[in-house]
Amino acid sequence: MATNQPRPQDDSDMKIALPGKQKSHSAETEEVRRTLDEVQQVQEAGVLQKAAAAGRQMAAAAAALCAANDALASQRVWLWVFGVTVGCERSIDRPVVARTVLNAFHNAFREQCAASYEDSGYSLALSFYYLAVRSGDRPRQEIGRTFAMLCGDEQNAAWQQAGVETYDRCLAQMQELAKALNEQEKQA
């Protein structure tokens, strides 16, 4: 094999570092550092432990709904799961604390209501509820209508009311739990 043969000049696999990319990496690193600092701060204040307890408390309420033997039980459960998600997004000041509540909720819910957790209706119901709260100026009524629809009769006023009541009860519980978490966060 001759070593003096010219090599092909193909540089298509060469990467060029652009100065702007360096800033992006630096900004990402700074954001990660701030997030880790925030996690450490709320963890040292005991907020994350209380957030996990709040998530487990909301899962216990969902488990009670799972245990009901009525025709609306599974839909109440999915509405409750949606309500916990919305409650965390709306009521808890720090995203890391909200994420802790949601993670603890889902872990406990998966353990306590395994059959419901694995039910394929979960994602479909949540999609409809997200559409309901974003579709108009009367989200509570839309939640009730969507709940009744998912139960099988969109026009059923009693089912609509049951949906509104379930959603309101969940949000009220979340707001109460969030209030205590937010107060403790401020002291952190």
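**View 1. Phe-109 is buried, at a relative accessible area of 0%.** Buried here means under 20% relative accessible area, exposed over 50%, and partly exposed in between, with a 1.4 Å probe and protein chains only. Phe-105 is likewise buried, at 0% relative accessibility. The ring centres of Phe-105 and Phe-109 lie 5.7 Å apart and their planes meet at 5°, so this pair is stacked. Rings of Phe, Tyr and Trp (its six-membered ring) pair if their centres lie within 6.5 Å; planes under 30 degrees apart are stacked, over 60 edge-to-face, the rest tilted. Both Phe-105 and Phe-109 sit in helix α4 (residues 95-112). Four residues separate them, about one turn of the helix.

The model is predicted: local features need pLDDT of at least 70, side-chain atom pairs count only at pLDDT 80 or more, and totals for chains, interfaces and linings use all residues. Residues are numbered from 1 along each chain as its sequence is written, and side-chain values use heavy atoms, with hydrogens and water left out.

**View 2. The protein chain holds eight helices and zero strands.** From the N terminus the order is α-α-α-α-α-α-α-α. Helices (H or I, at least four residues) and strands (E, at least two) are DSSP runs, numbered from the N terminus. Of the 188 residues in the protein chain, 39% are buried. The protein chain exposes about 11800 Å², with carbon and sulfur atoms supplying 50% of that area. Accessible areas come from the Shrake-Rupley method with a 1.4 Å probe; for residues, only the protein chains shown count as cover. Consider contacts (heavy atoms within 4.5 Å). Among those between residues at least 6 apart in sequence, 71% join residues at least 24 apart.

**View 3. Five aromatic pairs are counted in the structure.** One of them joins Phe-82 and Tyr-130, edge-to-face, at 4.9 Å centre to centre and 85° between the planes. This pair links distant parts of the chain: Phe-82 lies in helix α3 (residues 73-91) and Tyr-130 in helix α6 (residues 121-134), 48 residues apart. Phe-82 is buried, at 0% relative accessibility. Tyr-130 is partly exposed, with a relative accessible area of 22%. Ring pairs link Phe-82, Tyr-129, Tyr-130 and Tyr-167 into a cluster.

**View 4. Arg-145 lies in helix α7 (residues 139-151).** Arg-145 is partly exposed, at 26% relative accessibility. Its side chain makes a polar contact of 2.9 Å with the side chain of Glu-142. A polar contact is a pair of N or O atoms within 3.5 Å; within protein, one must be able to donate a hydrogen and the other to accept it, and residues adjacent in sequence count only if both atoms are side-chain atoms. Leaving aside neighbours within four places in sequence, Arg-145 is in contact with Glu-154 and Gln-160.

**View 5. The structure holds zero disulfides.** A disulfide is a pair of cysteine sulfur atoms within 2.5 Å. Cys-170 is in no disulfide. The nearest cysteine sulfur to that of Cys-170 belongs to Cys-88, 8.8 Å away. Cys-170 is buried, at 0% relative accessibility. Cys-151 also counts as buried, at 18% relative accessibility.
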